Amino acid sequence: MSSPSRTEAKKDQFVGSTKETVGNAVGNESLEAKGKTQNNAGVVQETAATVQSYVEGAVDQVSGAVKGAYDSLTGNTTGEAGDKVQEKKGEAQKAFNSSV
């Protein structure tokens, strides 16, 4: 299974909604049902993509913090600075995915 994609999710939601609307307008229950299914699949995929991205952000945040603490203890200030960037990147990614 491939990684969930927000782009594909939005496409499925749009196409599914269109099918559902057209099916409803012309009285085609099969098309309407297929549209609902595709739309729901898009919603699920979008949620999965958001969760995956949030988890990746959390991993970056924790990894940066742990590496930063280690580098601080060993006096590696260059590594510590890079680790701080990784930690902040993770925080930003988590914050972005919490607001989506």
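## Salt bridges in a predicted model

Lys11 and Glu8 pair up through their side chains in a salt bridge, with N to O at 3.6 Å; the term means a side-chain nitrogen of Lys or Arg within 4 Å of a carboxyl oxygen of Asp or Glu. By this rule, the count is six salt bridges. The model is predicted, so to speak of local features takes pLDDT of at least 70, side-chain atom pairs count only at pLDDT 80 or more, and totals for chains, interfaces and linings use all residues. Numbering runs from 1 along each chain as its sequence is written, and side-chain values use heavy atoms, leaving out hydrogens and water.

**Within helix α1**
- Both Lys11 and Glu8 sit in helix α1 (residues 6-26), three residues apart, or about one turn; helices here are DSSP runs of H or I, at least four residues, numbered from the N terminus.
- Lys11 is partly exposed at 41% relative accessibility, and Glu8 is too, at 37%; that label covers what falls between buried (under 20% relative accessible area) and exposed (over 50%), using a 1.4 Å probe and protein chains only.

**Between helices α1 and α2**
- Lys10 bridges to Glu46, with the closest N and O atoms 3.1 Å apart.
- Lys10 is in helix α1 and Glu46 in helix α2 (residues 29-74), so this pair ties together parts 36 residues apart in sequence.
- Glu46 is buried at 15%, while Lys10 is partly exposed at 45%.

- Lys88 and Glu91 form a salt bridge at 3.4 Å, N to O.
- They are three residues apart in helix α3 (residues 77-99), about one helical turn.
- Lys88 is partly exposed at 43%, as is Glu91 at 26%.
- Elsewhere, shared partners join Glu8, Lys11 and Asp12 into one salt-bridge network.

Technical notes
Helix = DSSP H or I, 4+ residues; strand = E, 2+ residues; numbered from the N terminus.
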